[in-house]
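Visitor: Please show me the structure, and let us then go through it step by step.

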Amino acid sequence: MKISTDIGVWIGALSALGIYSVLIKDNPFYTMVEHIFVGASAGIAVVVGINTFLNSAWSPMIEGKYLLIIPILLGILLYSRYFEDIAWLNRIPLSFLMGTGAGVAMRGAVESQIVGQISATMVKLTTFDSWIIFLGTIFSLSYFFLTFQRGKVTGVTSQLGRHFMMAAFGAAFGNTVMGRISAAIGRFQFIFLKWLGLG
Amino acid sequence: MFVDGRIFDFWTLIFMTGLMMIFMYLARKGMKVTIRPIPGFDAIEEAVGRAAEMGKPVHFTPGFGGLVAATFAGLEVLRHVTKLAAQYDVRLIVTVSQPETYAVTEQVMRQSYLEAGKPEAFRVEDCRFISSDQWAYASGVIGVLLREQVASNIMIGQFAAESLILAEAGNTVGAIQIAGTTNAYQIPFFVVACDYVILGEEMFAASAHFAQDELHLGSLRAEDIIKGVSIGLMIVGALLFTFGNEGLVNIMIK
Amino acid sequence: MFLKKTLPTIIAFVCGVTVIIAYFFNIPFFQTTAQEILKWQSVIAIFALGLGAINIIRVHSTNIRRAKGKNAYSIALLITFIVTIVVGVFLGQESEAYKFIFDYINVPTGSAIFSLLAFYIGTAAYRSFRAKNIEATILLITGCLVMLGRVPLGAKILPFSVPATDWIMSVLNVGGQRGLMIAGAIGFIAVSLRIVIGLERTAYGGD
Amino acid sequence: MDIFDKLQNLDKRVFYLLMALAIAIPTIHPIGLPVEITESVREVYEFVESLPEGSIVVIGFDYEPGDEIDLNPIAQAIFHQLASKHIRIVTIASFPAGPTFADECLEILEEYGYEYGVDYVNLGYYAGGEPTLAAFAQNPATVFPKDWHGNSISTLPLMQEVKSMKDFSMAMTLNDGPTGGTGTHEWVRQAVMAYGTPLIMGVTGVLAASNEPYVQSGQCKGILAGLRAAAEYEKLTGKIGTGTVGMDAQSIAHLLIVGFVLLGNIAMLVSKIKEPKDRSGHAGGEPR
């Protein structure tokens with residue numbers, strides 16, 4: 001056993017222990033690690049934000065892309081919410097963010113999630129497997145009829161649809177376990193091998 | 001003029017949005033549309049009521065997403081949760097991960113308290129920006145759930161791998177938990193760890209459910225018709241393909 | 001009136017429609033404009049980070065004030081927050097001090113939080129994989145089969161689990177996921193449409 | 001509350017403790033649970049065995065942090081085999097974190113007396129995905145005038161022998177999916193279809209099925225999927241490493257979860273069977 005003398009390893013190991021301590025119960029050790037971590041990571045986000053701003057907005061603007069002054073001004077308008085008289089001004093940048101976000105969401109959804117998935121369901125219905133995929137899709141989609149009263153047929157299909165979804169959820173759950181355990185193996189190797197020098 | 005491979009997608013979008021607008025118009029003109037019960041939404045009122053009885057706060061988070069569709073749905077639910085909280089005099093704590101989502105969330109909360117007639121109930125420190133880092137956000141939310149001893153935990157929006165961390169922490173304090181997301185890889189974790197799960201598209205029906213908003217009900221009716229058309233297309237396309245005609249599939253990938 | 005209500009609606013509409021047109025059509029004007037809009041959006045979003053930073057400072061300074069300066073946690077959070085910013089901005093992202101914070105605080109603590117899932121995933125399964133009704137039973141069966149089929153020891157105990165896992169993942173799993181995905185996307189479009197045509201106004205300040 | 005009720009509602013911390021042990025013990029002390037070698041892994045092994053001694057291979061580190069637990073062990077297992085045949089290695093990466101992973105894995109070559117620049121080179125990160133990979137395949141020097149450590153590649157003896165993708169006896173991508181970096185599909189196009197260089201893949205567990213068609217069509221010589229394939233490979237090369245350790249812990253942890261689920265269900269079932277009997281006793285009303 002050879003305990004590490006690297007300060008970085010010590011900090012990493014202690015913070016991992018602090019995080020794991022929450023499994024026992026909420027305690028001051030966890031709370032402290034959490035606050036330091038949140039502070040550092042939010043600080044990093046701000047640093048990255050400032051640098052991105054300087055590189056992708058400020059410098060290009062100074063070098064001649066004067067139009068970039070508009071988003072900069074719009075960004076500043078976000079802060080109008082702190083001043084009651086002009087608080088409404090922050091609707092302008094927000095509407096820009098929301099409108100653009102909505103447009104991007106719409107255009108992407110059609111291709112990959114609707115048309116792509118519908119055409120992928122048009123399979124040759126010659127094997128058992130293809131029937132399962134085909135019926136599973138139709139049944140689970142029929143579960144989402146929200147404004148039509150369920151009749152005899154749709155009542156059954158939507159119930160079956162829920163069963164198909166549950167099967168998918170179970171599968172996704174079981175399939176994810178490995179990745180999660182891998183993450184813990186990584187941390188345990190750090191604690192036992194790198195920090196404590198066991199093994 | 002069209003970008004390759006997007007012709008059919010474009011007309012699909014036009015068809016869908018057109019149908020939604022027509023039905024919104026019809027609904028405003030008086031067409032009756034009713035919505036089937038969504039247990040997760042019914043449970044929200046119960047959850048807020050429970051918090052009021054216990055004298056403990058409600059926690060809500062619109063998730064880890066930026067301004068994407070699932071986040072918008074979460075914020076729509078938040079509107080109603082805020083009004084319920086105002087009505088029951090319950091403290092509502094909201095945690096947010098992405099800065100642009102925070103900018104909108106704070107606004108939604110403030111506005112909803114105003115609409116509920118209690119603008120003074122809004123407290124800045126109850127709408128918390130945690131961190132845009134996924135794990136820092138998760139650790140911060142664990143902290144809020146455990147230390148504020150919330151009675152109810154509502155999570156609706158876009159979630160990634162942190163979903164189960166939040167849900168298990170909520171379970172630890174015995175909170176009643178209601179969750180919803182469209183991400184098929186995260187729903188399983190909500191299904192196993194929460195009391196009520198709002199599955200996929202159901203979460204977009206919040207205003208129709210809570211406020212019986214007629215425009216919203218109209219658009220839901222249009223969505224149902226689109227689902228019916230999709231099912232019809234799949235059946236026709238698969239049958240044609242089975243019997244050797246690839247025409248429909250080829251049109252769709254244009 | 002125009003400025004407070006109509007202008008935001010017009011802005012949302014123009015931005016939304018432009019990025020949609022640029023996606024479907026090869027029209028140079030729209031494509032360059034859409035690129036510009038997306039770039040502007042990212043610039044505005046950076047400013048939102050400042051709102052977040054102000055919120056952090058307000059929340060935690062309130063905590064400290066309420067506890068009469070005795071809230072060590074909030075003090076620690078504010079110190080690390082400010083030190084990180086000062087180091088990152090003045091010494092730069094390449095500096096040793098910044099790398100120290102990143103490599104020794106941010107990365108390992110983040111991985112530790114992520115790895116909590118290894119523990120949580122087990123208790124969640126234990127609690128709810130119970131054969132109480134048909135749905136829970138389906139969840140239980142597919143979940144456990146896939147778990148066994150993924151590891152050598154599981155495959156040894158129940159050899160059937162390996163082909164079963166392959167079939168579940170590539171056939172059974174597909175239908176349920178796909179229905180959910182299509183319906184979700186239709187909902188996406190409806191909510192986005194309401195924002196673009198200005199029916200969803202609470203988000204930027206209501207009527 | 002009888003024992004079966006208790007078994008249905010065990011304190012979570014009991015499970016946490018057992019889970020910690022299930023991961024900790026194999027980490028400190030590898031058990032080496034039996035690993036059966038699957039056909040697909042053996043195919044890859046035999047293909048690599050068939051490469052000419054002393055030839056050069058290119059390996060793409062196309063994955064992000066989080067997936068190194070699965071893919072680093074695969075890379076290391078392959079490196080052991082390559083080094084035993086003195087095959088020389090060039091690494092490239094389509095994610096910014098890739099070169100760091102490559103360096104971590106290349107470390108093991110030291111025990112074989114490999115010399116940097118002569119026997120192996122880490123060229124570093126390239127942006128732009130497929131088009132950049134295509135440019136690299138045409139002429140590596142245009143994409144990487146310098147290597148990851150800042151050496152001009154004209155000073156590296158190994159790179160003098162590589163003028164295009166054709167000069168590699170094998171290409172390999174360690175891949176975690178098509179988003180962000182260079183996907184497996186792009187490798188098939190740029191290495192196999194454009195230059196006829198044989199390709200093998202190391203992928204995360206979930207991607208195994210979707211890449212299987214490439215093996216069927218012969219465009220890919222074999223796939224190593226996830227930690228499990230790494231453990232099997234380690235058994236073939238005889239070099240026990242992180243794959244085996246990981247697989248021990250994975251096996252035990254998975255069984256622990258399934259065991260707990262079964263325990264909960266059995267306890268529930270038993271109480272259900274017992275309960276109606278108790279009730280019927282009460283329903284009888286009259287105490288005997």
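Visitor: How many helices and strands does chain D have?
Guide: This is a predicted model, in which local features need pLDDT of at least 70 and side-chain atom pairs count only at pLDDT 80 or more, while totals for chains, interfaces and linings use all residues. Residues are numbered from 1 along each chain as its sequence is written, and chains are lettered from A and ligands numbered from 1 in the order in which they are written. Taking helices (H or I, at least four residues) and strands (E, at least two) as DSSP runs numbered from the N terminus, chain D has twelve helices and six strands.

Visitor: Is chain D compact or spread out?
Guide: The C-alpha trace of chain D spans about 100 × 35 × 35 Å along its principal axes. Its radius of gyration, taken over C-alpha atoms, is compared with a globule rule of 2.2 Å times the number of residues to the power 0.38. Because the value of 25 Å is well over the 19 Å that the rule gives for 288 residues, chain D is, relative to a compact globule, more spread out.

Visitor: Which elements of chain D give two or more residues to the side that touches chain A?
Guide: Counting two residues as in contact if their C-beta atoms, placed from the backbone, lie within 7 Å, the contact takes 18 residues from chain D and 16 residues from chain A. The elements that give two or more residues on the chain D side are helix H2 (12–28), helix H4 (68–84) and helix H12 (242–283).
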